Amino acid sequence: MKFDKILLCAVYDAEGNEYKAESLKNQHFDINLTTDNNCLCASVIPRCTVSFKKFLIKLNYNFSKNEKVFVNGYQSWTDSFEYSYSDRMSELTRLTEFCIKKTPLKYIGFSKSGDSLFHKYPRRNNLFYGWSYGYIRNQNNITLFGSIDERSGYTSISFDMENNAVIIEKDLEGVYFTKETNLLSLAVLSGEYNAVFDLYFKKMGITCRESKRRTGYTTWYNYYGNINEQIVERDLNSINELKDIHFDCFQIDDGYQSAIGDWLITDRKKFPSGMKKIADEIHKNNMIAGLWLAPFAATKKSKLFKEHKDWFIKDKDGKPYKTGQNWGGFYSLDIYNNGARKYLKNVFDVILNEWGFDLVKLDFLYGACVLPMHNKTRGEIMCDAMDLLRECCGDKLILGCGVPLMPAFGKVDYCRIGSDISLGWKQHKNVIREEVSTPHAVSNSIFRRHLDGRAWKNDPDVFLLRDRNNKMDFEQRKLLAEINSIFGNLLFISDNVSEYNDEQLNVLRETFKEKEIKIISAEFIEKDIIEVIYFKNEKENKLCFNIRTGKVI
């Protein structure tokens with residue numbers, strides 16, 4: 001693609017006043033644009049202290065009405081899929097958006113899991129935006145627009161199909177520039193779908209850490225926080241009795257700790273023998289032991305928060321800032337605080353080395369970068385946070401979740417690429433784009449498939465085959481298992497397998513079975529209808545289903 005007719009728009013503060021700039025040079029700074037090897041780079045050379053409220057570059061692109069565009073949602077849970085010319089993005093309702101900005105709801109962290117506090121939603125057809133990368137597709141050829149590094153700030157990429165423009169905008173909030181600084185490095189690559197993504201990751205210098213496909217079990221989607229030692233031992237023993245079905249991993253989820261934030265204080269009523277004994281029991285059953293935690297998060301009732309409020313992210317008034325609404329509202333550690341960093345390193349040392357867990361599922365990671373701070377953008381903070389977590393974990397396995405994706409590229413071994421599934425196949429309303437929803441989880445598994453084997457191994461979330469505590473009919477359960485088997489490389493259930501009948505065991509056996517998958521195409525062929533064409537063990541297959549109802553066609 002030729003980088004011609006590039007338009008700049010910037011709103012900035014300098015010398016105590018607000019200004020607008022549409023040219024590359026003015027009395028306060030120069031913008032240096034360079035193009036080389038399919039990359040567009042922009043840097044700022046300030047003549048005084050400058051802070052950008054808006055910084056965007058507009059590129060010309062002649063869209064055709066038969067093209068599709070993919071936009072990548074802000075974090076793991078955010079809905080992400082392809083749009084057609086006449087579509088309109090799902091969005092927060094105006095009432096919800098008003099509540100976030102104007103009412104006390106914002107103080108309990110409502111919707112801070114998404115981007116609504118720092119990005120305005122489009123409210124018309126033909127305009128679609130995402131983060132870090134996105135593409136325009138014409139059959140099996142794509143043109144990808146992708147940031148090379150988000151440390152300078154998150155990159156929003158908008159496709160304005162009506163006005164034939166691609167708009168690249170940087171989130172530079174909260175940063176003051178006093179010296180020459182790179183603001184943008186953008187690759188624009190065209191070609192066959194897989195070849196383009198291979199080249200994109202090569203340009204970023206990112207490779208997948210883990211090559212192994214894993215199967216396993218997690219406690220969450222059956223018991224949620226209501227787990228105890230007896231439940232874990234029962235389900236572990238039930239799995240061990242399945243001699244012809246192999247499980248790689250057994251993961252303990254939320255509920256073992258005394259409070260969110262107090263990861264090393266085990267709830268002794270639930271787990272009187274402690275977590276080391278649980279890890280040892282898992283190992284005796286020839287599985288790796290996994291443990292969930294939200295390492296940056298803590299609630300008010302936690303010992304961590306009560307004793308170390310100064311370790312947490314603060315608002316402009318110096319008060320601890322709620323970074324999410326879960327558990328009645330939670331706070332997140334300031335990763336640049338030395339006490340917080342030492343605390344985190346000790347937490348992982350105990351869990352991984354003393355207790356003996358092999359894999360940690362790290363959740364609600366977005367909380368680290370909800371606010372820009374310390375003269376750093378949200379993007380730089382999240383990149384630093386992921387570096388810290390990898391340093392803490394060494395070579396142990398990390399399953400990322402609730403994380404803005406690009407800062408986690410190459411840092412985690414597995415990553416959730418969609419929302420949590422719900423216990424039914426239910427299309428939720430757009431209260432927030434990160435809401436719990438099986439259709440959202442399924443569509444993200446399909447349309448973020450390009451990350452599998454490049455950034456990490458994709459975790460599509462669990463599939464459920466049980467009858468009890470499940471609102472999906474069996475055909476929907478089988479469909480979810482099949483989709484996860486095609487598009488995922490971390491295949492977990494959350495069932496007591498001793499309750500399975502022969503049909504359920506057969507589906508589990510087939511889903512977990514090693515197979516060679518090659519995806520030829522996966523797309524909406526009409527409203528709500530997705531068609532997937534793929535090879536399984538060199539045999540061509542077609543799967544067609546209604547994403548809204550979960551019915552195979």
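What share of the 553 residues in the protein do buried residues make up? Buried residues come to 62%, where buried means under 20% relative accessible area, exposed over 50% and partly exposed in between, with a 1.4 Å probe and protein chains only. The model is predicted: local features need pLDDT of at least 70, side-chain atom pairs count only at pLDDT 80 or more, and totals for chains, interfaces and linings use all residues. Residues are numbered from 1 along each chain as its sequence is written, and side-chain values use heavy atoms, with hydrogens and water left out.

**Overall form**

The protein has 12 helices and 28 strands; these are DSSP runs numbered from the N terminus, helices being H or I of at least four residues and strands E of at least two. The radius of gyration, taken over C-alpha atoms, is set beside a globule rule of 2.2 Å times the number of residues to the power 0.38. Because its 23 Å is close to the 24 Å that the rule gives for 553 residues, the protein is as compact as a globular protein of that length.

| Property of the protein | Value |
|---|---|
| Box filled by the C-alpha atoms, along the principal axes | roughly 75 × 60 × 45 Å |
| Accessible surface (Shrake-Rupley method, 1.4 Å probe) | about 22100 Å² |
| Part of that surface belonging to carbon and sulfur atoms | 47% |

**The nonpolar core**

A nonpolar core is a set of buried Ala, Val, Leu, Ile, Met, Phe, Trp, Tyr and Cys residues joined through side-chain atoms within 4.5 Å. The largest one has 184 residues, and those with the most contacts inside it include Phe52, Trp456 and Leu508. A contact means heavy atoms within 4.5 Å. Leaving aside residues up to four places away in sequence, Leu508 touches Leu242, Ile245, Phe247, Phe463, Leu465, Ile493, Val497 and Tyr500.

**Helix α5**

Helix α5 spans residues 275–284, and Met275, Ile278, Ala279 and Ile282 are buried in it. Seen down the axis, the buried residues of α5 fall within an arc of 95°, so they line one face of the helix; the arc is that of the directions from the helix axis to the C-beta atoms. They pack against α4 (229–240), β15 (249–252) and β16 (288–293). Just after α5, Asn286 has a positive phi of about 60°.

**A three-stranded sheet**

An open antiparallel sheet of 3 strands has the order β17-β19-β18. β17 (297–298) and β18 (322–324) stand at the edges with a single partner strand each, so one side of each has no neighbour in the sheet. Strands pair if DSSP finds at least two bridges between them. β18 and β19 (residues 330–332) pair over 2 bridges, and Lys322 stands opposite Tyr331 in β19.
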